[in-house]
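User: Hi, I'm new to this one. Could you walk me through it?
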Amino acid sequence: AARGTLDAEVVDRLARRLATFHLEGARGAPGPEDLGARALAALRGAFGLWPASEQARLARWIGEEAELVAPLWHARAGAGHVREGDGDLHLANLLTLDGEVMAFDAVEFDAALRCIDVIEDIAFTVMDLVARGVPALAWRLLDGWLQLTGEYEGVPGLRLCLAYRALVRALACQLREPHCADAQRYAER
């Protein structure tokens, strides 16, 4: 993405690969913390990226959004949409090898971070594509993946998933380098 060589063909292959992975993945039990709690924890961890008033406004939005989608998440968990996913599907953990798109560095060490709704798993890649300045490819990936998986009923939870994943990336950047330009970029998206 940074070199400008990422194209629709690669994104389409990725959509197919992830759809197969999510459709065939083992069902998992959701972690003990719900998405809203994890998003709020990431927001607290990224403290200082915004003025306090913005931090409070974002915390309120996360709480409200989490309350709205909680019934959906519970229903989806009961219907088998929580799978043993990757948990860390940002662009730095994806590559093309011999023409195939591959993911690596999954969150094997923590089932609570890996056993998530498939919408949350795909949201990390979608968010990262948007943050890296290729939103058309992000929406192409999501559209292709949705067509292949039929996961349309999970789309109402996508906004919270995207916000949570942006907070995770901002937090990771900030932890790695306190003045990381990427942290501010993720925080602003």
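User: Which side chain does the side chain of Glu65 make a polar contact with?
Analyst: That of Arg159, at 2.9 Å. A polar contact is a pair of N or O atoms within 3.5 Å, where within protein one must be able to donate a hydrogen and the other to accept it, and residues adjacent in sequence count only if both atoms are side-chain atoms. Keep in mind that this is a predicted model, where local features need pLDDT of at least 70, side-chain atom pairs count only at pLDDT 80 or more, and totals for chains, interfaces and linings use all residues. Residues are numbered from 1 along each chain as its sequence is written, and side-chain values use heavy atoms, leaving out hydrogens and water.
User: Is Glu65 buried or exposed?
Analyst: Glu65 counts as buried because its relative accessibility is 7%; buried means under 20% relative accessible area, exposed over 50%, and partly exposed in between (1.4 Å probe, protein chains only).
User: What else does Glu65 touch?
Analyst: Leaving aside residues up to four places away in sequence, Glu65 touches Pro156, Arg159 and Leu160, where contact means heavy atoms within 4.5 Å.
User: New topic: which residues touch the most other members of the largest nonpolar core?
Analyst: Ile122, Val126, Leu141, Leu142, Trp145 and Leu160, out of 45 residues. Such a core is a set of buried Ala, Val, Leu, Ile, Met, Phe, Trp, Tyr and Cys residues joined through side-chain atoms within 4.5 Å.
User: And which helix gives the most to this core?
Analyst: H5, with 9 residues. Helices are DSSP runs of H or I with at least four residues, and strands are runs of E with at least two, numbered from the N terminus.
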